[in-house]
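This briefing covers selected local features of one protein model with a ligand. Please read it alongside the sequence and the coordinates.

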Amino acid sequence: SSVFQLPAELYKTTDQFLKEATADQFHDENILIKGARPFEFERVTNLLSEKIHGTVLEINLDALNDNLNYYRSKLQDGVKLMVMVKASAYGSGSHEIASLLQHNRVDYLAVAYPDEGVELRKHGIHMPMMVMNVAPESYHNILKYDLEPEVYGLGQLRSLIKFLEDENTQLPIHLKLDTGMHRLGFEDKDLKELIALLKTTPSMEIVSIYSHLAGADEETHNAFSKSQFVAFTEMAQVLERSLNIRPIKHILNSAGMIRFPEYQLDMVRLGIGLYGFEATRQEQGQLRPISTLKTVISQMREVKKGETIGYGRNGMAKRDSKIATVAIGYADGFSRAFGNGKISLLVNGKAAPVIGNVCMDMTMLDVTGINVREGDEVIVFGEHPTIMELAGAIGTIPYEILTNISSRVTRVFYSG
Ligand SMILES: *Cc1c(COP(=O)(O)O)cnc(C)c1O
């Protein structure tokens, strides 16, 4: 139809598409699948998932949107929302997620490193963007791509001032204060010199001042969180008075938004909550999981009792067994720590434990007693097992499971 400005191929029905689509139609592409329930587009997702590569991460953009709205409903009037899209939006994509956030008019985006910001700019993300860790070799890109650096230390500040004065230009910056996290940031003792430096240069506009809570998710750290908040507001006040500025002030992450509504200040920084994890676990039920990691069975075999499976011969068949080799390994972000029964994946609705060591590109599952065939789908995480269960099994946190999923794994976005 004429609404398509881009080259388009049209199909009358989902069935027609499924019949006529071929494997070599798609290469290195991000695919958005969108349509009402009756069209059963999940059949298209399934088909493409198999055709692209055995392993795909499916991202539900509607779920992401619902999570965004949930956190938005927590904001007091006038409080701005910055969304953390570092590490490819916690592994969920990058410009695809940023586009959705841009469309939904959040106030700010934040990334960890300049390259992440550059990539978003190249994909048409034009909203204000903070970059947290900026080294001198990236100053040129910061200017070129209209990025706003976090400034966290006197050495960095001096080199940035020199660069900007040499370039004869101005830059919006965000001042980071260390109130107890002890990662990046100016300390109390730095303030005098910080103020002196900022007073002598016209090259910087302080858009915001912020700090980060070290234990916002846990009640045991409540007193410490409070002391961080108090220290932050005091330090910020000194800066505001001395420099006669009124920047945006912010200290809360996702967990803080749930537990400390009284610390919202002018802006909050939403991260993991958007991606479906309520870090305090008090309101997990209010969020929707956004991602499902799927792979496929590459080969089936039968082994006799006593035979071993995989490298190091660590997996031993305790009885005559059916083994499925699946197309995901530690190079895809499926940690080697999941080996030797640490976790079971879901095959045709049944739990199949990992047997033996996880390989770089493949993993073997014990599927004895499960009705399976080569090519069948395997759920690595989703409704079951959950990312939480995977994280728990190897002593890590959902953040790490999500961000480990390598770029080799195709992301498929859908609404549903
Ligand atoms: C990553 C990050 C956040 C978001 O934290 P979540 O726990 O994911 O909500 C907020 N602030 C800073 C400075 C961060 O680095």
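The model is predicted, with local features needing pLDDT of at least 70 and side-chain atom pairs counting only at pLDDT 80 or more, while totals for chains, interfaces and linings use all residues. Residues are numbered from 1 along each chain as its sequence is written, and side-chain values use heavy atoms, with hydrogens and water left out.

**Ligand**

- The ligand is surrounded by 13 residues, the closest being K86, Y90, S254, I272 and Y399 (near: a heavy atom of the residue within 4 Å).
- An oxygen atom of the ligand lies 2.5 Å from a side-chain N or O atom of S254 (polar contact: a pair of N or O atoms within 3.5 Å).
- A polar backbone atom of I272 is 2.8 Å from an oxygen atom of the ligand.
- For H212, a side-chain N or O atom is 3.4 Å from a nitrogen atom of the ligand.

**Second largest pocket**

- The second largest pocket holds about 790 Å³ of space.
- Its lining has 33 residues, of which N253, I272, A279, I397 and Y399 are the closest to the centre.
- Two or more lining residues come from each of α4 (86-91), α11 (254-259), α12 (387-393) and α13 (398-404) (helices: DSSP runs of H or I, at least four residues; strands: runs of E, at least two; both numbered from the N terminus).
- Helix α13 gives the largest share of this lining, four residues.
- The lining of this pocket has 18 nonpolar, seven polar and eight charged residues (nonpolar: Ala, Val, Leu, Ile, Met, Phe, Trp, Tyr, Cys and Pro; charged: Asp, Glu, Lys and Arg; polar: the others, Gly among them).
- A pocket is an open set of points on a 1 Å grid over the protein atoms alone, with protein on both sides within 12 Å along at least five of seven lines, and a cavity is a set where a 1.4 Å probe fits but cannot get out; lining residues have an atom within 4 Å of a point.
- Grid points are joined across faces, edges and corners, and volume is the space filled by probe spheres set on them.

**Cavities**

- Two cavities of 30 Å³ or more are found in a search of the whole structure.
- The second largest cavity has a volume of about 40 Å³.
- L293, G333, F334, F338, V380, F381, L390, I401 and I405 line the second largest cavity.
- This cavity lining comprises eight nonpolar residues, one polar residue and no charged residues.

**H174**

- H174 belongs to strand β7 (residues 171-176).
- H174 counts as buried because its relative accessibility is 0% (buried: under 20% relative accessible area, with a 1.4 Å probe and protein chains only).
- Beyond neighbours within four places in sequence, H174 contacts Y108, M130, E148, P149, E150, V151, V207, S208 and Y210 (contact: heavy atoms within 4.5 Å).

Conventions. Buried means under 20% relative accessible area, exposed over 50%, partly exposed in between (1.4 Å probe, protein chains only). A polar contact is a pair of N or O atoms within 3.5 Å; within protein, one must be able to donate a hydrogen and the other to accept it, and residues adjacent in sequence count only if both atoms are side-chain atoms.
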